[in-house]
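The points below are grouped by topic and may be followed alongside the structure.

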Amino acid sequence: MIGILGGTFDPIHYGHLRTALDVQQTLGLEEIRLVPLRDPPHRAHPTLSPADRLTLLHAAVDDNPLFRVDTRELERSGKSYTLDTLRSLRSEQPGDNFCLLLGSDAFNGFHTWHRPDEILKLAHLVVMQRPGEAEPAHYHEHLTHNPAALKQQAAGLILPLPVTQLEISATGIREMLGQGKSPRYLLPDAVLELIRQKRLYRSG
C-alpha cells in the first residue's frame, strides 16, 4: 500500500512529516507520496511559487527513502483535484492500493470535494486524528477500525487513526518569518536554512 499526502506545503513542517510517518509505521505502507498542490480548490493560493515549495520539500525528505515527492499536480494545469491524481496513479500502478491521508478538519469537508464518492472508489481514506477525538461524522458505512482490512480490498474504507499531535501550522511559521522570528524546531533544519538563504516569506 502507498500513502498519499497532498497539501500546499507552504512550507513543509514536522506536523506534516511526523503524522505521515506515524501512518506509515502503523499500516506498514511501502512509501508516502507527498503531492504538492498547484491550485488548491478549498484554500487560498500558496504564498511561494511551485518551484520554491518543491525545493523545500526535497530538502525535507530526500534523505528518507520512505518519502517520495510526486510532482504531477504541479505539472497539471487547472485546479488540483484529488480525483485526477488518483486516476493518474491508478493508471500507472493498477496493482497497488492507495491510502489518502487526511487530517480530521480536511475530512470533515470531504463531502464538499470534487466527486468524493469517486475518490472512495479509487483509494482508502486514513483520517489522522488527535488521540481521543470523536469518530468521523460522515460516511459511516465505510468506517473500519481494522488496519488489516485496508489490504483486503482495493479501495473504499475509511480508517480513523490516532497520530502524534504537533500543533504546528504553516500559517504560523510564515507569520514568524515575516516578523523576523525563528521557527526553528517546527520544521527541518535543512528547510529553514533554504528559507533563510533564499529570503523566503520576508515581509519586505
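From the N terminus on, the elements of the protein chain follow the order β-α-β-α-β-α-α-β-α-α-β-β-α-α. In total, the chain holds eight helices and six strands. The model is a predicted one.

**Overall form**
- The radius of gyration of the protein chain is 17 Å, which agrees with the value near 17 Å for a compact globule because the chain has 204 residues.
- The C-alpha trace spans about 50 × 40 × 30 Å along its principal axes.
- Of the contacts between residues at least 6 apart in sequence, 71% join residues at least 24 apart.

**Nonpolar cores**
- The largest nonpolar core contains 39 residues, and Val 23, Leu 34 and Leu 56 are the ones that touch the most other members.
- Helix H1 (residues 14-27) supplies the largest share of this core, namely five residues.
- Another core, of 21 residues, lies apart from it and includes Ile 2, Ile 4, Leu 125 and Leu 143.
- Val 23 is in contact with Gly 28, Leu 29, Leu 101, Val 126, Met 128, Leu 161 and Val 163, when its neighbours within four places in sequence are left aside.

**Burial, surface and charge**
- Buried residues account for 50% of the 204 residues in the protein chain.
- The accessible surface of the chain is about 9800 Å², and carbon and sulfur atoms make up 49% of this area.
- The chain carries 22 positive and 24 negative side chains, and the centres of these two sets are 5 Å apart.

Note on methods
Residues numbered from 1 in each chain as written. Predicted model: local features only at pLDDT ≥ 70, side-chain atom pairs only at ≥ 80, totals over all residues. Heavy atoms only, no water. Core = buried A, V, L, I, M, F, W, Y, C linked by side-chain atoms within 4.5 Å. Buried < 20%, exposed > 50% of the residue type's maximum accessible area, 1.4 Å probe, protein only. Helix = DSSP H or I, 4+ residues; strand = E, 2+ residues; numbered from the N terminus. Contact = heavy atoms within 4.5 Å. Rg over C-alpha atoms; globule rule 2.2 N^0.38 Å. Areas by Shrake-Rupley, 256 points an atom, 1.4 Å probe, with all protein chains shown as cover. Lys, Arg positive; Asp, Glu negative; His and termini not counted. Charge placed at Lys NZ, Arg CZ, Asp CG, Glu CD.
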